[in-house]
Amino acid sequence: MKSNCIIAIVDDDQSIREAMGDFLRSYGYESCSFSSAEDFLTYGERGLIDCILLDVKMHGLSGLELQAILRGGSSPTPIIFMTSHQEDAIRRAAMAAGAHAFLGKPVDLNLLISHLEKLLGTK
């Protein structure tokens, strides 16, 4: 499948970024990786991103803080959270602020692809 969709992976764990990038490529998605929310915010082509896979707890700005910054923009990019920290309060806050999904790590890859296909219409 060729989707032409670009998915940003924002996670401070390099192995997660690499594995997720490889996985997304196997489904025909393009990806770009960022080691922090701050790195993502400095990316000059954020408007080309179709979806963000976002960790909650990172060095510097958290995923929830990045979500709040992006939500203030004119057309916020859809977010799917991926986290090892599955506290109910964090999940509720992320979903109330418009997250498309909140997935625990290790991520159920079939569930992730299902969410991406629904969100991006790439099935």
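1. The lining of the largest pocket divides into four nonpolar, five polar and one charged residue (Ala, Val, Leu, Ile, Met, Phe, Trp, Tyr, Cys and Pro count as nonpolar, Asp, Glu, Lys and Arg as charged, and the others, Gly among them, as polar). You will find Phe40, Arg46, Gly47, Ile49, Leu70, Gly73, Ser74, Ser75, Pro76 and Thr77 along this lining. On a 1 Å grid over the protein atoms alone, a pocket is an open set of points where a 1.4 Å probe fits, with protein on both sides within 12 Å along at least five of seven lines, and lining residues have an atom within 4 Å of a point. The space in this pocket is about 170 Å³.

2. A note on the basis: this is a predicted model, where local features need pLDDT of at least 70 and side-chain atom pairs pLDDT 80 or more, while totals for chains, interfaces and linings use all residues. Numbering starts from 1 along each chain as its sequence is written, and side-chain values use heavy atoms, without hydrogens and water.

3. Next, the helix pair: the axes of α1 (residues 14-26) and α5 (residues 109-120) come within 12 Å and cross at roughly 60°.

4. Met20, Phe23 and Leu24 in α1 meet Leu109, Leu112, Ile113 and Leu116 in α5, with contact meaning heavy atoms within 4.5 Å. These contact residues divide into seven nonpolar, no polar and no charged.

5. Do look at lysine 105 and proline 106, joined by a cis peptide bond with omega about 0°. Proline 106 sits in the loop between β5 (101-104) and α5.

How values were computed
Points joined across faces, edges and corners; volume = space filled by probe spheres on them. Axes fitted to C-alpha atoms, helices over the stretch in contact; angles between N-to-C directions. Helix = DSSP H or I, 4+ residues; strand = E, 2+ residues; numbered from the N terminus.
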